[in-house]
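Subject: Structure handover

Hello,

Here is the structure for you to look at. My notes come after it.

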Amino acid sequence: MPRAPAPSTAPATDSAPDLPSAPAPASARQRRKEARPQELLEAALALFVEKGFAATRSEEVAARAGVSKGTLYLYYPSKEELFKAVVREAIGAKIAEGVEEFGKHQGSMAELLTWMLWSWWERMGLTPAGGIHKIMLSEARNFPELARFYQEEVIEPSCGLLSEVVKRGIASGEFREVDPEATVMVLIGPVLHLVLHQHSIGAAGIDHAHKPPPEKVLQLQLELMFEGLLNRPREAPTP
C-alpha cells in the first residue's frame with residue numbers, strides 16, 4: 001500500500017501561491033518576432049564597429065540581441081550575410097533616400113550637394129554606421145568578397161549619385177565644365193577623412209586640443225568648393 005505523504009512542515013501563510021505567468025498575447029509575440037531582425041542588425045552593427053568583422057563572433061551578436069545562435073541563423077545564415085544586411089540597413093537605405101531626393105529636388109544643385117554632404121555627416125559621422133567604412137578599409141584585403149559587395153552596394157551608387165548631381169549642375173549652367181567623377185572625389189574626400197577620424201583616433205578620445213570641430217571643417221569645405229565650382233565671373237586677384 002502506498003504511503004500517505006508526510007505532513008508539511010512549512011509555516012502557514014495567507015498569501016496565494018506563486019503561479020506561472022500567463023503567456024504573452026499572440027499579438028505581442030508577433031510584434032516581438034517582427035522586431036527581431038532589427039534588433040539583430042543593431043546588435044551586429046554595434047559589435048562590428050567595436051571589434052571589427054573578423055573578431056566578431058555570431059554567438060556574441062545573438063547574445064547581445066537576447067536570442068540564441070540558432071535564432072540568429074534563421075534570419076542570417078552566416079556572418080557574411082549578417083554584415084551585408086547591416087550595410088544595406090545602415091548605409092544602403094540612406095543612399096536610396098538620396099536618390100529619391102535627387103529625383104524630386106527643384107532647387108539648385110549646390111543646395112542639393114550641401115544637403116547630401118551634411119546628411120552624410122549627420123547619419124554616418126555621428127552614428128555607429130560610419131564605423132563600417134573603417135572596417136572595410138582595414139579588412140577588405142582579407143575579405144575580398146565583402147569588399148566587392150561594398151563596392152557594388154555603397155561606393156558605386158553613392159559616387160554615381162553625386163556625379164549625376166554635378167552633371168545636372170553643369171547642364172543647367174550652374175556649375176563650370178568640370179570632370180564629374182573627379183569632382184566627386186574632391187567632394188567626399190574631406191567627409192570620409194572626418195568620418196574615419198571620428199571612428200578611430202576620435203573614438204579613442206585623444207584628439208589634440210586645437211582640432212577644429214567637424215562642422216566648421218565641412219562648412220569651409222563647401223565654401224571653398226563652390227568658389228571654384230559655381231559658374232560665375234572670377235574676380236581678378238588683388239596685386
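First, the ground rules. This is a predicted model, where local features need pLDDT of at least 70, side-chain atom pairs count only at pLDDT 80 or more, and totals for chains, interfaces and linings use all residues. Residues are numbered from 1 along each chain as its sequence is written, and side-chain values use heavy atoms, with hydrogens and water left out.

Fold

The protein has nine helices and zero strands. Helices here are DSSP runs of H or I with at least four residues, strands are E runs of at least two, and numbering starts from the N terminus. Along the sequence the pattern reads α-α-α-α-α-α-α-α-α. Of the 239 residues, 35% are buried. Buried means under 20% relative accessible area, exposed means over 50%, and partly exposed is in between, with a 1.4 Å probe and protein chains only.

Helix α2 covers residues 58–65, and its buried residues include Ser58, Glu60, Val61, Ala62 and Ala65. Gly66 follows α2 and has a positive phi, near 80°.

Helix packing

Two packed helices are described by the angle between their axes and the distance between the axes. Axes are lines fitted to C-alpha atoms, for helices over the stretch in contact, and angles run from 0 to 180 degrees between N-to-C directions.

Take α4 and α5. Their axes come within 11 Å and cross at roughly 165°. That makes the pair roughly antiparallel. The cut-offs are under 35 degrees for roughly parallel, over 145 for roughly antiparallel, 65 to 115 for roughly perpendicular, and oblique for the rest. The crossing of α4 past α5 is right-handed. A crossing is right-handed if the near helix is turned clockwise from the far one by less than a right angle, and left-handed if anticlockwise.

Next, α5 and α7. They pack at about 160°, with axes 9 Å apart. These two helices are therefore roughly antiparallel as well. Here α5 passes α7 in a left-handed crossing.

Largest pocket

The largest pocket holds about 490 Å³ of space. Contributing two or more residues each to its lining are α4 (79–104), α5 (109–125), α7 (144–171) and α8 (180–198). The lining has 25 residues, and Ile95, Trp120, Ser158, Leu162 and Ile188 lie nearest the centre. By type, the lining splits into 18 nonpolar, four polar and three charged residues.

The pocket search uses a 1 Å grid over the protein atoms alone: a pocket is an open set of points where a 1.4 Å probe fits, with protein on both sides within 12 Å along at least five of seven lines, and lining residues have an atom within 4 Å of a point. Volume is the space filled by probe spheres set on the points, which are joined across faces, edges and corners. Ala, Val, Leu, Ile, Met, Phe, Trp, Tyr, Cys and Pro count as nonpolar, Asp, Glu, Lys and Arg as charged, and the others, Gly among them, as polar.

Single residues

- Ser108 sits in the loop between α4 and α5. Ser108 is partly exposed, at 25% relative accessible area. Ser108 and Glu174 are 66 residues apart in sequence, yet 7.8 Å apart in space, C-alpha to C-alpha.
- Leu126 lies in the loop between α5 and α6 (131–139). Its relative accessibility is 47%, so Leu126 counts as partly exposed. Leu126 and Gln198 are 72 residues apart in sequence and 7.9 Å apart in space, C-alpha to C-alpha.
- Val217 belongs to helix α9, residues 214–229. Val217 is partly exposed at 27%.

Best regards
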